[in-house]
Amino acid sequence: MASTPTKIRDLQRKLYRVSKQNENYRFYSLYDKVYRRDILREAYKRCKANKGAPGVDEVSFQDIERSGLEVFLADIADTLHTRNYAPMPIRRVMIPKPDGRQRPLGIASIRDRVVQAACKIVMEPIFEPYLHESSFGYRPRKRAQDAIRVIEKGIKAGYVHVYDADLSGYFDSIPHNRMMEKLARRISDKQLLALIRKMLKAPVQTTAPNGKRHYTASTIGVPQGNVLSPLMANVYLNDFCLTIANNTPCKIISYADDFVILHKQPYTREQLDWFETRLQREGLTINRKKTRVVDMRDIGADFDFLGFNLKKVRGFYRNTTYVKIQPSQKSQTKFKDAIRHIVKHRTSRTIDELIAKVNPIIRGWHNYFGEIGYPRKVFFKMDWFTVGRFYRWSKRLSQRRCKRLTQDALRILRLRGLVYLQPVRFSPVKETR
């Protein structure tokens, strides 16, 4: 995606500087920036880059550009300028989770996504200076890998007692009134606050098994999938993060609704209860079944965070230990399921079509896990799994039966364009199922 236009970047820098220099300053003239044509155009560009399905109006990006992008943006600007803007209902889609449950995902219309993206462009530099320094979720120039590195350094520095927390339905639990109070600390523009409240209160469309549509509205919850939701999630949890960082000897590392708290001393029951009490004041609930305390002094102790597994293991030399970082079992299972879904035993796709579908998954996995930790062994394992799936698929097309994967299979797939997570060692390996 191309860089942000200079005029918008200058506005963001100005907002950021004013916000950082005066922590008590409340911004009062922001609404007119939201419907500026250049900001709306940039917002549309960002929404299109993220792709996504149409909302309840079933209008796609292709439909908008076919009818005229400038006409579409002019209509949004005029509606906002005349204060006649009203968000459409949010289409709810249930996404299956590995544990069998489902995660609700809210899909707004493209028109509403553009307005939300415009609001984010204006609001993000205002709140960015005051977010906790170890908050890494969906922030400029911060990534999940940075959070893992901070945790690794903390454990090496002696913060070996890990409170691995899980919040129950964080996005669905955020109270609207409390959310608006936190936003109003930095923003006094009533028109912008009213616009955001409208977005929060937008009804959710669900479809019953018989095809009938239902619309529900509530005073709680921020729809996952909305453009503004990540920023709101960071702002809402920020008070809790700052309380831990400034008023306790602990370190907290957060990524949206996921966080871990590191401590040099073993946790007492009173400390754990205090964490829960502070979260309850925010209207949030700890999932005790998934929340655990890990002592990273013990060999074999481990925990998962952001798809990574951090495990205490013995080193090569006597009496040495280190934290081994690699993709978690859950991440490995997701990778295998994605490959299985494409390279099926019975499919009409050609080998080149299959490789074209598989390669983006492999590259994405390598980009996420490859630059940190010790994933070489897991990478070899996933490479052999992928090759094994192709080998099983090819056996269906051939009369020749072989019980082993050989270097020939690896070389042929490499020549056909299959990418690997790790350079392949050419040695016979039994077929991976």
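Throughout these legends, a residue is called buried when its relative accessible area is under 20%, exposed when it is over 50%, and partly exposed in between, as found with a 1.4 Å probe on protein chains only. The model shown is predicted, so that local features need a pLDDT of at least 70 and side-chain atom pairs count only at pLDDT 80 or more, while totals for chains, interfaces and linings use all residues. Residues are numbered from 1 along each chain as its sequence is written, and side-chain values use heavy atoms, with hydrogens and water left out.

**View 1**
Most residues other than glycine have a negative phi. Arg83, although it is not a glycine, has a positive phi of about 65°, and Tyr138, also a residue other than glycine, has a positive phi near 55°. Arg83 is found in the loop between helix H5 (69-81) and strand E1 (90-96), where helices (H or I, at least four residues) and strands (E, at least two) are DSSP runs numbered from the N terminus. Tyr138 lies in the loop between helix H6 (110-127) and helix H7 (144-156). Arg83 counts as partly exposed because its relative accessibility is 39%, and Tyr138 is partly exposed with a relative accessible area of 45%.

Contact here means heavy atoms within 4.5 Å. Once neighbours within four places in sequence are left aside, Thr79 is in contact with Asn84 and Tyr85.

Met88 is placed in the loop between H5 and E1, and its relative accessible area of 23% makes it partly exposed. Not counting residues up to four places away in sequence, Met88 touches Val56, Asp57, Ser109, Arg111, Asp112 and Ala202. Met94 has its place in strand E1 and is partly exposed, with a relative accessible area of 35%. With neighbours within four places in sequence left aside, Met94 is in contact with Gln102, Arg103 and Pro104. Met94 and Gln62 are 32 residues apart in sequence, and their C-alpha atoms are 25 Å apart in space.

**View 1. Glu152 in helix H7.**
Glu152 is found in helix H7 and counts as buried because its relative accessibility is 13%. Among residues beyond four places away in sequence, Glu152 touches Val323, Ile325 and Tyr374.

**View 2. Helix H11 and its kink.**
Helix H11 (residues 229-247) has 19 residues and reaches 28 Å from its first C-alpha to its last, close to the 27 Å expected at 1.5 Å a residue, the expected span being 1.5 Å times one less than the number of residues. A kink of about 40° in H11 is centred on Asn238, where the bend is the angle between axes fitted to the seven residues ending at a residue and the seven starting there. H11 is mostly covered, with 15 of its 19 residues buried.

The structure holds four cavities of 30 Å³ or more. A cavity is a set of points, on a 1 Å grid over the protein atoms alone, where a 1.4 Å probe fits but cannot get out, and its lining residues have an atom within 4 Å of a point. About 60 Å³ of space lies in the largest cavity, a volume being the space filled by probe spheres set on the grid points, which are joined across faces, edges and corners. Its lining consists of Gln116, Ile196, Met199, Leu200, Val222, Pro223, Asn226, Leu228, Ser229 and Met232. The lining of the largest cavity divides into seven nonpolar, three polar and no charged residues, where Ala, Val, Leu, Ile, Met, Phe, Trp, Tyr, Cys and Pro count as nonpolar, Asp, Glu, Lys and Arg as charged, and the others, Gly among them, as polar.

**View 3. The second largest cavity.**
The second largest cavity has a volume of about 50 Å³ and is lined by Tyr85, Pro87, Met88, Ile90, Ala108, Asp112, Gln116, Met199, Ala202 and Asn226. Its lining residues divide into seven nonpolar, two polar and one charged.

Methods
1 Å grid on protein atoms, 1.4 Å probe; cavity = no way out; pocket = protein on both sides within 12 Å on 5 of 7 lines; lining within 4 Å.
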